[in-house]
Every structure is written in C-alpha cells, then in structure tokens.
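Thanks, everyone, for making the time this morning.

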Protein chains: 2
Amino acid sequence: MQSVAHRESFLATVIEEAEKIDRYMREDIAQLSPDFDGLLLEVLDYGLFNGGKRIRPLLVVLASRLCGKTDADSYRLGAAFEYLHAATLFHDDIIDSSETRRGKQSVFKKFGIIAAILAGDFLHAQSMSMVGKYSGQAGLEVFCRATTGMVDGEFMQLRNAQRHNLSELDYYDAIMGKTGLLIAAACEIGAIYGGGNAQSVKALREYGVHLGCAFQIIDDLLDYLGDPGKTGKAVGNDIAEGKMTLPLILTINAADHTDRNRLMHVLDNQDERVRCFDEVCAIISRYGGFDEARKRAEQEVENAFMVLDVFSEKKNSLELNVLQGLALYVLSREK
Amino acid sequence: MQSVAHRESFLATVIEEAEKIDRYMREDIAQLSPDFDGLLLEVLDYGLFNGGKRIRPLLVVLASRLCGKTDADSYRLGAAFEYLHAATLFHDDIIDSSETRRGKQSVFKKFGIIAAILAGDFLHAQSMSMVGKYSGQAGLEVFCRATTGMVDGEFMQLRNAQRHNLSELDYYDAIMGKTGLLIAAACEIGAIYGGGNAQSVKALREYGVHLGCAFQIIDDLLDYLGDPGKTGKAVGNDIAEGKMTLPLILTINAADHTDRNRLMHVLDNQDERVRCFDEVCAIISRYGGFDEARKRAEQEVENAFMVLDVFSEKKNSLELNVLQGLALYVLSREK
C-alpha cells in the first residue's frame, strides 16, 4: 500500500496535470472563439471548466508517455476526451432530468434544453476532429466505437429500468457502457498516439477496462454507504430509481427464498423503494453484499496492476506510478 | 432550359441512385445489428428510411465521379452524410418541438426525447468514423467543421429569434448554417475522396454553397407562396414564428417609412403575425420582394453552373449533367 507521503505526491501530480490540461483546453477554446456565437462559448465555458479532475485526459497523457512519447499534443489529444465526456454529461443531464452537477446547476438547467443538446453536439464533433487529427484513423475508430457503445449502453439501461432480474454479466455490460468504454479508449488511444506496440496498446486498454469497472463499482457502493457530507449527494438514489447495482445483484443471487422475495417486492414498488432503504441495506449487509462488491473492485484493481506488468522496464517511472496510484485511489475514494 | 425528356431522365437517375444509397445504408446498419440494442436499431430504421431523396449522398457520389473515382465506397461515404443529416433532424425536432416529419411522427414524438437524443448521438459518431475511414483527416476536418458550423448557426438563430432587424448578410449566414455547410461539405468531401486537385475541390465546394443557398431561398419562398396541397404544410410558419427570411428582409430594406413601420409592428406582435399574414404578403408583393428573392435564387443557380466550368472536359458526362440538373431542379420544385 502507498505511504501518506507517496499518496500526497500522487495527488499533487494529478492536480498539477489537471491544471495543465485546463490550460490546453482554454487555449483551444480561445482559438475557436472568433468564429463562434457568444452564447455557445458561454455554455462551453460554463460546462467545461468546473474543477474536474481531468482523469481521462490524464490517462491519455500517461499512456502516451509510458509508450515513449511526451509532448504538448498528447495534452491536446487528451482534451478531446474531456470534450466528449462533457458532451455526454450535457445530454445525460437532460435524459435524467438532473438539475445539478458538481454542486452547481447542470448546463441543461442553466441554459435550457436546446443549448444543452447543441453544445453537446458541438463538443462531439470537435472531439472527433481532434482525435482524428492527433491519433489518425486507428484512434478515431476506437473513439467512435466507444461513443456508439456508450449510446448502446444507455439504450440498454432504458430497457433494464423495467427489469429486476439483472445478472452480474448485465451489470458489467452496463458499467462498461457508462464508464469503462471511454476510460479504456483514453488509455488505448494514448498508447496508439505514443507509438506503443500491439502488446502495449492491449495492456493499456485492459488497464482502462479494469480501472473503469473498479471506479464504477465503488461509485455504486457509495450510493449505499457514502457519507453525504463528503459525496455531496444523498444515499439511496439507485434503489429509489429501481436500479440494480452490484451489491444488490450479489445479494439476490445469494439470498434465501424469503429475503429474495422481500427484495424483489421492494424493487417492484416505487414507494417501498424509498421507504425501505435501511431494510434493504440490512439485508445486503447480512449476506455480505457490500463486502463482496468491494472485493470485486479490489480484484479489478489487482488486475489493473497485473496487466501493467508488461511495462516492467518502466518500473520506477512517474507515469507508471501515477497509473498505479490512480487504481489505488479509486479504492480509497470517499466522494 | 431542360426538355421534358431530359428532366424525366434526370429524375429517374436521382431515384435510382437514392435506391442504391438506401441499399448501402441498409447493409451498413445490418452489419451493426448484432452489436446493438434492439430499440436503438428500431429508432434508426424508423428515422433513416423514410423515402428521402438522399441528395447529400448523391452529391458525394457525383463529386467523386466528376473527379475520376466511381466505386462502392463512394456510396458508403455518401451514407455518412445521410446519417449526419438524420442526426441533426432528430435533434432539431426536439429543439423545434416538431411532431411530424415527412408526413409521419418525428422520432422525438414517436420514441421520446431520450431515444431521439441518443440515436442522434449514435449517428453522429458513426458518420464521423465513416468519413474518417473513407476520406481521411482532410475530409474529417471539413465534416467536423460543417457540424460545428451548423451548431453555431442554430445558436445564431436562437439569438436572432428576438431580432427583427436582420440584414441580407445575416440571412446568408443563417442559411449557410442550416443547409449550405453540409451540402458544400458533401461536394467537397466527395471531390477529396475522388482524388480531385485543389481547383476541382474548390469548385465543387462552391457549387455546393450556391446549390444550398438556392435550395434554402426557394424553401423560404415556399413558406409564403407554396401550395399546401403539394408541400404538405401550411404557409406562413416563418412569419408566425417572427422569423425573417429573404423576401421580408428585401422588402423592409426597400419599403417606405409607413410600410416598414407596419411590417416591424406586425413582427413585434405575436398575434398580429398570424392574423396579418395576407397583409404582409401583399406588402412584400408590392415591393417585388418575392420576385427579388427568386432572382437571388436564380443567381445562385447561375453561379453554381459557372463554377462547374472547370469541368468542361466532362461536358456531356452523366455526373455533370445531374449536378446541373439538381441546380435547375431546385428552382422548379413546388414542395
């Protein structure tokens, strides 16, 4: 495990890199400014610069560096991932009627649905153009496949919203669409840009899949166990929406007839889902559903470490340490 | 001018090519099918296959052929333009709350806002990937610039909806965003794909700009003078929305103080805009605003012909004849 000093230097690196990425994003937007409408630019400024940790661009930069290339364009390529990520958030907030994002009004709430759709479309196109420019057709295809896969995942979620018999496999499909695909694409495209060989590209893509899955499992755990004072949002949202995540799926698989029926009854009744949150938590706890879900996240992080073994000659490099640090950070996060 | 026989053979070619493009689109979607959600595929099928004339793909194919390349991939590249066009329609219908499209329910009305946003995003990404694949980075940049330009145009429209002092220049900016950019991009990218030299690429792009502008001017004229039995929609929509198009702009520029004030008064009052449609038409007629707007469209078509002069060695080729035929067709269309 990391020491406190280690952890602090890791966090300092992440913050420093995030600031650097922000500078490249601002430079890019400033370059666009003379050509585009003032309101569009205002929406972009509001929606893009919100103190995000810029994890996806950071992954691009680190993957590229690990494969041997460190330059300014790797940051510009990274910015494309933040653009696409923001575009999906603009549209997701409409889809989920989410009024807030990171403690302020969502783009859709502040500027209206029209501006949110259009600004998302703008960032979409801008990101694709940048990915094509910096990583060529190979990178563009990975990027577009991640995008269409994310849309497909949203359609699956629409369909699954009415289903309360999801398997673990369904869950992994869902979190890949929600988080894994774009994170894996950031790692893979960074590796392609960095000139990595097939083995390196594959390893970094797999690292991304494991990192993304670990991240989402912990995110879903925080929806049950998080401290609202730290996460900034109430617990129990998933269950209130009837959404099945890993702790619940594992519990239903393990539960006896009575407990399973009770859980299914709660899931099928909207009022009960809010009223019986504590009872659901108690049942999940009893069957070790939270512990088991956490173990899965730990296993993902272990796998993320393992696939990076191919970079053993870079053992003490900053880039490898930060990639490992990110995986550990996912497990320790409280918000 | 074209003879009746000429015109009929032109229309037969357009229909034949549209069917061919539809076959390539169906083939592409079928290839995607195993990987994607059933509802997503249903939305795509509904939204894409609606008897459209496939003018944008046709322009890609013709421009490529004029520059020397005729092959199956030019149709696949063309399909990308129909995908992007459909994506913008899916999103536009949400933005404009349009419940119908080509005489049936719009995607947004039939499948809901979530499906319409997501399916648009899907086609967006799919189209960019195809354009990158077939026309390389040069084509992708033109395509993405057209897309961001279209979004910018929509923001401009949002802003202009409150402005009733638009100039002719504002109008041309607006119709470029709405129609011209994508049509010009289809011609330019077709030329790039076809291996055209810089002069050919420029000529075809300019042809597209003129064609697109002529198309939109006639479209806006039909909103005043069209036969609802043929166009399938009532007249007077633009004025009811307070939208200034060319006939009105030209009239306001030419009108005396009294008439100008009267027109501005109507524009500024929502009830009057519907009630006074006939009166507005009469004022525009009196100042020759309709005739003048039509002359501008004819000038655009003349310019479209002129820029094609660089292809004089292809004088009697089918591709040149159809490009010219399309420009003439725009002037004669009644729906």
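Let me begin with a convention: the expected span of a helix is 1.5 Å times one less than its number of residues, and helices here are DSSP runs of H or I with at least four residues, numbered from the N terminus. What we have is a predicted model, in which local features need pLDDT of at least 70 and side-chain atom pairs count only at pLDDT 80 or more, while totals for chains, interfaces and linings use all residues. Residues are numbered from 1 along each chain as its sequence is written, and chains are lettered from A in the order in which they are written.

Turning to helix 4 of chain A, its 24 residues should span 34 Å at 1.5 Å a residue, and the end C-alpha atoms lie 35 Å apart, which agrees. Of those 24 residues, 20 are buried, meaning that 20 or more other C-beta atoms, placed from the backbone, lie within 10 Å of the residue's own. After the helix comes Ser97(A), with a positive phi near 50°.

Finally, the contact between the chains, where two residues count if their C-beta atoms, placed from the backbone, lie within 7 Å, takes 32 residues from chain A and 32 residues from chain B. On the chain A side, helix 2 (38–48), helix 4 (72–95) and helix 6 (113–160) each supply at least two residues, and helix 6 gives the most, with 25 residues.

Technical notes
A residue is buried if 20 or more other C-beta atoms lie within 10 Å of its own, exposed if 12 or fewer, and partly exposed in between; C-beta atoms are placed from the backbone.
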